[in-house]
Amino acid sequence: MKKEKIVIANWKMKLSISETLELAKKMKDKFVSLEESNILLAVCPNFISLLDVGKIFEDSKIKLGAQNVFWEDYGSYTGEICASMLKDASCDYVIIGHSERRKFKIESYEMIHKEIAAVLKIGGITPIVCIGENWDERKTDRRDFVLFDQLQQAFVGIDIEKGQQIIVAYEPIWAVGSGTAIEPSEAEYAHKVIKLTLNDMLGADIVNENFKIIYGGSINSENINSFIGLENIDGMLVGSASLDAEEFYKVIKAVIC
Ligand code: PGA
């Protein structure tokens, strides 16, 4: 059987509520033909549209994800949303530690660690943990160290139950939203570094059983083909190219071929 491929759409804060629902409906209709494929497809809309998008995707293969989560499960945390609320809203996935949150909300790896722990404790939701170096770190040859450090801070001391899935998204910050993906060979190399680091930290059995590693950063229908078939890349996290049903469909078709 062909290996399952993961494609996650991150709609960020780029669509109004009505645009979000319209795109969700379009995707549900257009993607029916993918029902039998080896794809694991999830869409992460804004918080305020989660319930309605969830209803649209009911009875389809498209899963629902959130773009963020808070680490406590109850209390005086104005403006925050916890993992059990996401579960109530039928989310199967949640993005944690996206570089835009690290930049604009000054999220630290201590917070990211607590968010991962909270999601795993609730169970039933797969965290998509974003890591990746910035341009300065890349050009001064510090990428491997940065990945190692981010993985350590995120996962050391985390309890992983049998069967619990965790996705690590390698998102080089300099490629995210730039319109140009990095060289596929460089992505493959970084994924290998991530896999070997996780193997060292947690043991290869746990990594093979519980972890998937996906790439994110300016993936579109033009460049997707050069990422297909790379050994350590289990899928894609797609931003801009997921905002158009036709374009996103082309990306997905390339991934499952
Ligand atoms: P992009 O976004 O595809 O627009 O670069 C990816 C992401 O931020 O997850």
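Start by selecting Lys5, Phe227, Ile228, Gly229, Ile233, Gly235, Met236 and Val255, which line the largest cavity of this predicted model. A cavity here is a set of points, on a 1 Å grid over the protein atoms alone, where a 1.4 Å probe fits but cannot get out, and lining residues have an atom within 4 Å of a point. The volume of this largest cavity is about 60 Å³, a volume being the space filled by probe spheres set on the grid points, which are joined across faces, edges and corners. Its lining divides into 5 nonpolar, 2 polar and 1 charged residues, where Ala, Val, Leu, Ile, Met, Phe, Trp, Tyr, Cys and Pro count as nonpolar, Asp, Glu, Lys and Arg as charged, and the others, Gly among them, as polar.

Before moving on, note that residues are numbered from 1 along each chain as its sequence is written. Because the model is predicted, local features need pLDDT of at least 70 and side-chain atom pairs count only at pLDDT 80 or more, while totals for chains, interfaces and linings use all residues, and side-chain values use heavy atoms, with hydrogens and water left out.

Next, show helix H1 (residues 17-30) together with helix H2 (residues 50-57), which pack at an angle of about 15° with their axes 9 Å apart. That angle makes H1 roughly parallel to H2, a term for angles under 35 degrees, with axes fitted to C-alpha atoms over the stretch in contact and angles running from 0 to 180 degrees between N-to-C directions. Helices are DSSP runs (H or I, at least four residues), numbered from the N terminus. To see where they meet, select Thr20, Leu21, Ala24, Lys25 and Lys28 in H1 with Asp52, Val53, Ile56 and Phe57 in H2, contact meaning heavy atoms within 4.5 Å. By class, this contact of H1 with H2 has 5 nonpolar, 1 polar and 3 charged residues.

Finally, turn to helix H5 (residues 109-122) and helix H7 (residues 143-155), which pack at an angle of about 50° with their axes 7 Å apart. H5 and H7 are therefore oblique to each other. Select Tyr109, His113 and Ile116 of H5 along with Gln150, Gln153, Ala154 and Phe155 of H7, which make the contact; by class, it has 4 nonpolar, 3 polar and no charged residues.

Terms used
1 Å grid on protein atoms, 1.4 Å probe; cavity = no way out; pocket = protein on both sides within 12 Å on 5 of 7 lines; lining within 4 Å. Helix = DSSP H or I, 4+ residues; strand = E, 2+ residues; numbered from the N terminus. Parallel < 35°, antiparallel > 145°, perpendicular 65-115°, else oblique.
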